[in-house]
Amino acid sequence: MPGPLHGIRVIDMTSVGMGPMATQMLGDMGADVIKIESAEGDVFRHVTPQRHAAMSHTHLNLNRNKRSAVIDAKTAEGRAQLDALIGGADVFISNMRAPAMRRLGLDYATLAARFPDLVYCACYGYSEAGPYAGRAAIDDTIQAASGMAWLQGGAGAGAPCYVNSVVADKVVALYVANAVTSALLARERGAGGQAVEVPMFECMVAFLAPEHLAGLTFVPPEGPAGYARLLNEYRRPFRTRDGYMSVVPYTTPQWQRFFALAGHPGMAQDPRYQTLNSRSRHFPELYRYVETVLAERTTAQWTELLATADIPFAPVNGFEELLADPHLRATGFWHESEHPTEGRLVQAGLPVRFSRTPGDIRRHPPGLGEHTAEILAEAGAAKTD
C-alpha cells in the first residue's frame with residue numbers, strides 16, 4: 001500500500017532547514033510535495049560541498065520526494081499560478097515571516113476566504129501573538145534565546161555555546177510535521193481547514209523545559225533551573241584503554257551490576273548510591289568513578305561485559321563508522337541511489353516503519369525548477385512565455 005499521506009498535496013514555500021526537513025518528512029510519508037522556489041532557489045542549495053551549482057549536500061539531504069517549480073510570487077502571473085496550485089492542494093507551508101506573507105497576499109485570512117479547507121502552516125521565529133512578532137531568526141539565535149546555548153555552557157557555569165547541529169531547525173521541523181498531520185486529521189473529522197502557527201522560540205523552550213525547568217517548576221521554586229545529571233561536568237564520553245565510550249548505568253540494578261563488573265560490589269550498599277534520589281545528589285562523583293574504571297579495559301572488553309550485564313553503553317561513532325555500522329546496514333537504513341545529475345548518493349533512509357502503509361523514497365532531490373512546466377500544466381496555469 002502507498003504511504004499514509006498518499007493523496008495529500010503540499011505546497012512548500014520554505015527554505016533552509018526547518019521547513020524543508022518538515023516537508024521532506026511529509027513527502028517520505030507519501031504526500032505530493034511541490035517546492036516553490038525563486039529564480040535563485042532555496043539558499044541552502046548554495047552551500048558546499050556540491051558537485052554542481054545549486055545542488056549542495058544540504059539540498060540533497062532535505063528535499064527528496066519533492067518536485068521543484070520556479071514561480072515569482074511578486075508578479076501578477078506568479079500569483080495567479082500560485083493560486084491555481086493552492087486551489088488543488090491540501091496543505092500550504094511557509095517559513096517566511098508573517099508581514100512578508102501579508103504583503104504578498106499569501107496570509108491565512110486571504111487564502112482561507114477562497115480555500116476554506118486549506119491547512120495553512122506558518123513556521124518562523126516567534127509567535128505573532130507576542131512582542132517579538134516579525135523578528136528575524138535563524139537556528140543560532142533561537143538556540144541563544146531558548147536557553148539551549150546557556151545549558152550547553154553548563155547553565156551559567158561556563159561560556160554559553162551552540163550545539164554543533166542546526167538542532168532548533170530540526171526539532172521544530174518535527175513540530176511542524178506533527179502539527180500538519182494533526183490538522184489534516186482534524187479536517188478529516190469535519191473541522192475544516194485552519195491556520196497552524198509553529199514558532200521556533202516557543203517550540204524550543206517547550207522542548208527544553210521538561211527536564212531543565214527543574215526546581216522552577218514549583219511555585220515558590222524548590223531549586224534552580226537545570227537537571228543536575230545532565231549538567232554535571234563529568235557527563236561526557238569516557239576514555240577506555242584504546243578509545244572512547246558512553247556508559248550510563250541509570251537504574252539501581254544497573255548500578256549494582258556495574259559496581260560488580262568494576263570489582264567494587266560493596267559500593268552498591270553505600271547509602272549515597274542505593275536509590276535514584278540519593279544518587280541524584282552525587283552524580284559528579286559517580287560519573288568520575290565510571291571514568292576512572294573505564295580506563296582499565298579496552299572498548300571491546302567493555303562492550304562484551306556491558307552488553308551481557310544489560311547496562312546502557314555505546315561507542316563514540318563518527319559518520320564514517322555509521323556508514324559501516326552493522327545494525328544500520330542490517331535494517332537497510334542507508335539509502336543509496338543514482339541521481340540524474342549528481343551521480344551516486346548515499347542518504348539517511350526512513351527511520352520510522354509502518355506495517356501497513358510504509359513511507360518510501362520515490363523522487364530524487366530536484367534540480368531548480370525541474371518540474372515547473374509539469375506542475376503548472378497539471379494546474380492549468382502554464383507559463384505565458
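Tutor: The model is a predicted one. The pair consists of helix α1, residues 18-28, and helix α8, residues 167-188. Two packed helices are described by the angle between their axes and the distance between the axes. Here the angle is about 45° and the axes are 8 Å apart. Angles under 35 degrees count as roughly parallel and those from 65 to 115 as roughly perpendicular, and α1 and α8 are therefore oblique to each other. The crossing of α1 past α8 is right-handed.

On the α1 side, the contact is made by Met18, Met21, Ala22, Met25 and Leu26. Their counterparts in α8 are Asp169, Lys170, Val172, Ala173, Leu174, Val176, Ala177, Val180 and Thr181. By class, the residues of this contact comprise 11 nonpolar, one polar and two charged.

As for the setting, the domain assignment gives domain 1 as 9-207 + 330-382 and domain 2 as 238-315. The C-alpha centres of the two domains are 42 Å apart.

Elsewhere, three strands form an open sheet in the order β7-β8-β9, paired antiparallel. Its edge strands are β7 (238-239) and β9 (313-315), each of which pairs on one side only. Strand β8, residues 244-247, runs antiparallel to β7 and is joined to β7 by two bridges. Arginine 239 has tyrosine 244 in β8 as its bridge partner.

Definitions and conventions. Residues numbered from 1 in each chain as written. Predicted model: local features only at pLDDT ≥ 70, side-chain atom pairs only at ≥ 80, totals over all residues. Heavy atoms only, no water. Domains from an automatic or database assignment. Pairing = 2+ DSSP bridges. Helix = DSSP H or I, 4+ residues; strand = E, 2+ residues; numbered from the N terminus. Axes fitted to C-alpha atoms, helices over the stretch in contact; angles between N-to-C directions. Parallel < 35°, antiparallel > 145°, perpendicular 65-115°, else oblique. Left-handed = near helix turned anticlockwise from the far one by under 90°. Contact = heavy atoms within 4.5 Å. Nonpolar A, V, L, I, M, F, W, Y, C, P; charged D, E, K, R; others polar.
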